[in-house]
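Open the model in your viewer and keep the selection tool at hand. The stops below say what to select next and what is there.

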Amino acid sequence: MSEMESVAALMESTSSKILQLQQAFAELQSQSAVSMNLKWQQLEDHFRGLEQSLKKKFDELKEQEREFEETVAKSEKMLQQREAVVTAKELTSLERLQEKRDAALAMIFSKSKLSLPVPAINPMDKALDNLGVKWPKPAPEESVRLQDDNAAVKPRSELVALCEQMDVKGLHKFISDNRKNMTAIREEIPSALKRASNPYGLVLDSLEDFYAGDNLVLDGKKDGDLLGVRRTCLMLMESLGQLQTDSVTGFSSQGHMLTTNVKERAKKIALEWKSKLDSLDIDASNGNCLEAHAFLQLLATFGIAAQYNEDDLCKLLPCVSRRRQTPELCRLLGLSQKMPGVIGVLVDSGRPIDAINLAYAFELTEQFEPVQLLKAYLRDIKKVSHAKNVKMSPGAQNEMNERELSALKAVIKCIEDHKLEEQYPVDSLQKRVLQLEKAKADKRRAVEAAKPQSKRPRANGSVFAPRVNSFTDKTFYPATPERHPSYPYERQFVYGAEAHHPPVMSSAPYTIQPAHAPYYGSGYPVQYQVPYIH
């Protein structure tokens, strides 16, 4: 018997207990020698009141228990449905991932650019094996190498000739002139560099102009030409690094070795660049410092990272955290074990988007939970806005709104990139974005409406049109002469800056003309229109 049933049984036995008490009270009153002031009716009313109160509370408890059971049943049913939906999505995602992997491997093997081995440790292997999905077997290295000789990207002849001639200036100019085709050029440069007699020397020679020009102007963003040169240098170092890590090209087997002399040259350049970095305000780059990226790429490409302390290199990583090559660059420099500290620095400095991207790249999302970081970031943005909202000028308020708007858009993009919509729905964020954009547009229209509007000219090109209506006799003149008499110039000239227009009649009675008035260059007097009274 449950507790509720036992309580119900006790409640039902209340009446019998009251009857027994009544008999005992009557017996006590009959045997008592002293009269009692307390009557049985008073006791009965008291116990009946307690009985009703207990029954009422008991009924309320039974109702609450019933509602709780219904809520539990609904929750269990909802959890089962959501579990089924999540399972279906997982299966769909795994199938889609398998299709993309198959397509990527098919494209790689068909073009034979790279030979990508199946990863030794893949967190998706177990799930795919349970679903019966098998990874495609890669082609043997020998067959891929034979295919690569026939199907490799063929660089254009001008690019090959410049690399064969070791023409650094010509190579810079060629890349600068073909900026519109940079995607194709980037794919062709590795193959072209293999044609050079000394690819390492060619790339090192190309770095001489990285800090060319006035030493006081070190920031490439202030000089478009210098920025283009630096991007070209970075792309050449990346292409050379790709040749080193690409096992298909056989770069080392062709006699292109990273010698001691090459490393010494690279060390000198790195030492010079490091001193330049100390003079730059790289913290102001907001994670997109090209100069710091080039320095780290130089260390990785020429294998001289051991010359520098790992902690000093990690201090440069927040300056390049927004660049897409940063995760691979960290692996080449052997800084993967240092990434938790780098991500922590980004979180503490208020840059959670960069921190989340690196956390996904190095599988550290359990240590740095993305959704919690994003929510904390937006809370801090709103906290700063509300804290200064009391004493804030219109310009400062606009700046805070712009900051919140940029933060919301960045958070929404991060959620969409990493498929976090189920954990962090973006509906409320998008509504807030619409509110801020509407407020921004309203303020812009209000500012434009407050500006003084210039008077629009009339269709005939003049501000005032002539009006002559004081002639007593319009037949005073026998005939109306031509509007413009013969004159050697097509345009009339007037002395003075007054608004004017040629009169309708060839002349006017003397009584309506002032004594002294400005005249056109053709001798016609100027007449002004009296404003109309409506």
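## Stop 1

Select Cys 163: its relative accessibility is 2%, so Cys 163 counts as buried. Buried means under 20% relative accessible area, exposed means over 50%, and partly exposed is in between (1.4 Å probe, protein chains only). Next select Cys 319, which is in no disulfide; the nearest cysteine sulfur belongs to Cys 289 and is 5.9 Å away. A disulfide is a pair of cysteine sulfur atoms within 2.5 Å. Cys 319 is also buried, because its relative accessibility is 4%. In the structure as a whole there are 0 disulfides.

A note before moving on: this is a predicted model, in which local features need pLDDT of at least 70 and side-chain atom pairs count only at pLDDT 80 or more, while totals for chains, interfaces and linings use all residues. Residues are numbered from 1 along each chain as its sequence is written, and side-chain values use heavy atoms, with hydrogens and water left out.

## Stop 2: helices α7 and α10

Select residues 168–177, which are helix α7, and residues 224–245, which are helix α10. Helices (H or I, at least four residues) and strands (E, at least two) are DSSP runs, numbered from the N terminus. How do the two axes cross? The axes of α7 and α10 come within 10 Å and cross at roughly 105°. Axes are lines fitted to C-alpha atoms, for helices over the stretch in contact, and angles run from 0 to 180 degrees between N-to-C directions. The helices α7 and α10 are therefore roughly perpendicular to each other. Angles of 65 to 115 degrees count as roughly perpendicular, under 35 as roughly parallel, over 145 as roughly antiparallel and the rest as oblique.

Now show the side chains. On the α7 side are Leu 171, His 172 and Ile 175, and they meet Val 229, Thr 232, Cys 233, Met 235 and Leu 236 of α10. By class, this contact of α7 with α10 has 6 nonpolar, 2 polar and no charged residues. Here Ala, Val, Leu, Ile, Met, Phe, Trp, Tyr, Cys and Pro count as nonpolar, Asp, Glu, Lys and Arg as charged, and the others, Gly among them, as polar.

## Stop 3: Ser 239

Stay in helix α10 and select Ser 239. Is Ser 239 buried or exposed? Ser 239 is buried, because its relative accessibility is 3%. Leaving aside neighbours within four places in sequence, Ser 239 is in contact (heavy atoms within 4.5 Å) with Arg 186, Ile 189, Pro 190 and Leu 193.

## Stop 4: salt bridges

How many salt bridges does a search of the whole structure find? The search finds 19. A salt bridge is a side-chain nitrogen of Lys or Arg within 4 Å of a carboxyl oxygen of Asp or Glu.

Select Arg 230 and Glu 291, whose side chains meet in a salt bridge at 2.5 Å, N to O. Arg 230 is in helix α10 and Glu 291 in helix α12 (residues 290–301), 61 residues apart. Arg 230 is buried at 0% relative accessibility, and Glu 291 is buried at 7%.

Then select Lys 89 and Glu 422, a salt bridge with its closest N and O atoms 2.6 Å apart. Lys 89 is in helix α3 (residues 40–111), while Glu 422 is in the loop between α18 (394–417) and α19 (427–450), 333 residues apart. Lys 89 is partly exposed at 42% relative accessibility, and Glu 422 is exposed at 55%.

Finish with Glu 63, Arg 66 and Glu 70, which are linked in a network of salt bridges.
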